[in-house]
Amino acid sequence: MAFYHPNHELLMQFAAGQLNDALGIMVACHIENCAECRATARNYEQLGGEIMESLDNIELSPDFIARTMERLKDSDETEIEVKIPVVDKRLPKPLQRFLPNKLEQLPWYGFSKNIQQFDLSFSDSHYTAKFYKIKAGKELPEHTHKGNEYTLVMDGAFSDDAGSYHAGDFILADNTTRHTPRAHEDCDCICFAVMDAPLKLTGFWGRMLNPFIS
Amino acid sequence: MDPKQGPIVKESKLSQTASETSYQMDDLILRIAKTQDQQAFMELAELASPRLKAYAIRCGADIDDAEELVQECLLTVWRKAHQFNPKTARSTTWLYTIIRNKRIDIARKNKLDTVQSDDLWPEGETEDLEDDVERDLTGELVRTLLQSLPDEQRQIVFKVYFEGKSHSEIAAELDLPLGTIKSRLRLAMKKLDTLAKEQVTWLFIILIMNF
């Protein structure tokens, strides 16, 4: 059971269908194993339904119903079920489709043997999604964050000054967080991380120099 | 088309009508599931489409795209009617999740390698058991919450649902400090959370009275 959860703002945005791909998948992964957040997200879906219900009706084109019935007659009535192949049973369903292989066989890369990474395909220009693997007992050099970094522990566990995090925990670090995460001794720790645009320089020259801001 | 136009209905009346519509839609969806009843489908389309269209337009679709989205949503209702369970979800909520998902998928039609709604809400998840009492209470409570929110909080909640704006974008648009947006949204969410907890208390009272 997870001890650290996404905040209500994220759960509301998730239920509204308005999160970017990377954070959407991350919240979906957490929710798969967290009954409490699943229930909260369902409340927000209900709120969405009520918000829709509270809108004033907008008149339909005169032939809308006729056209819809035409389409119904032409449409294939059977539902096509797409089975998502399970690549690695330890991982939540929302991620399976996006991984080429089991965790151990992913094309990990990195500067050091202690910290390896794997890039996930659903990053966009603002959000970068990665897996990090910290070798058992090893630590990341102390760092702060530019912008936000969202982390979901997938396998193993790590600790920093603020606490100890296990599989299913959802952690948000912002630019005030300064920490030295260390993987627990018993096994490698694999995390799913999503970062905002990593660098945000302000001012005229800053913008000119910053390749991330269009 | 001014959304503000239309007869003024007292809130209590409005709430009752919404409940009735919801039950009517429940029946129609169940009829579609049971007997592929095209008449029921047509009635549901007539009943639900103007609201679904309003949702699409609020999310930024133009008139044609809005009707296309509503049609896609209705055809999905036809195919998935058997998955609707009035014991676990109100028809309003169910329709909302379907049009929300369609909106996501249509926006990404040509990019199957990107995230689809099925990735975010995988099907065949077993719903937690809920009974009818709880379902109706929650519906009633969420509606009460929505009506009792001050305009300034409601405005921000609507922006989250329809425009997908980040808090800082909302702040810039309304020309308010980011902290104000965050605290207004937090207040709104706290209200919902309190109501959800009260609902548990009510359930408890009802159970005690029944046994």
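**Entry 1: a loop proline**

I began with B:Pro86, which is partly exposed because 17 other C-beta atoms lie within 10 Å. For that label, a residue is buried with 20 or more other C-beta atoms within 10 Å of its own, exposed with 12 or fewer, and partly exposed in between, the C-beta atoms being placed from the backbone. B:Pro86 sits in the loop between helix H3 (63-80) and helix H4 (91-107) of chain B. Helices here are DSSP runs of H or I with at least four residues, strands are runs of E with at least two, and both are numbered from the N terminus. I also checked B:Asp175, 89 residues apart from B:Pro86 along the chain: their C-alpha atoms are separated by 42 Å.

**Entry 2: ground rules and confidence**

I am reading a predicted model, where local features need pLDDT of at least 70, side-chain atom pairs count only at pLDDT 80 or more, and totals for chains, interfaces and linings use all residues. Residues are numbered from 1 along each chain as its sequence is written, while chains are lettered from A and ligands numbered from 1 in the order in which they are written.

The mean pLDDT (the predictor's confidence in each residue, from 0 to 100) of chain A is 85, and 88% of its residues reach 70 or more. Which elements of chain A have the lowest and the highest mean pLDDT? Helix H6 (residues 204-209) has the lowest, 43, and helix H2 (residues 21-32) the highest, 95. Where pLDDT is low, the predicted coordinates should not be read in detail.

**Entry 3: where the chains touch**

I found 45 residues from chain A and 53 residues from chain B in the contact, two residues being in contact if their C-beta atoms, placed from the backbone, lie within 7 Å. On the side of chain A that touches chain B, H3(A) gives the largest share, 13 residues.

The largest nonpolar core has 95 residues, and A:Ile25, A:Met26 and A:Cys191 have the most contacts inside it. Such a core is a set of buried Ala, Val, Leu, Ile, Met, Phe, Trp, Tyr and Cys residues joined through C-beta atoms within 7 Å. Helix H2 (residues 38-58) of chain B gives the most to this core, 10 residues.

Leaving aside neighbours within four places in sequence, the contacts of A:Cys191 include A:Phe131 and A:Val153.

Last, I traced an open sheet of 3 strands in chain A, ordered S6-S5-S9 with antiparallel pairing; strands pair if DSSP finds at least two bridges between them. A:Ser159 has A:Ser164 in S6(A) as its bridge partner.
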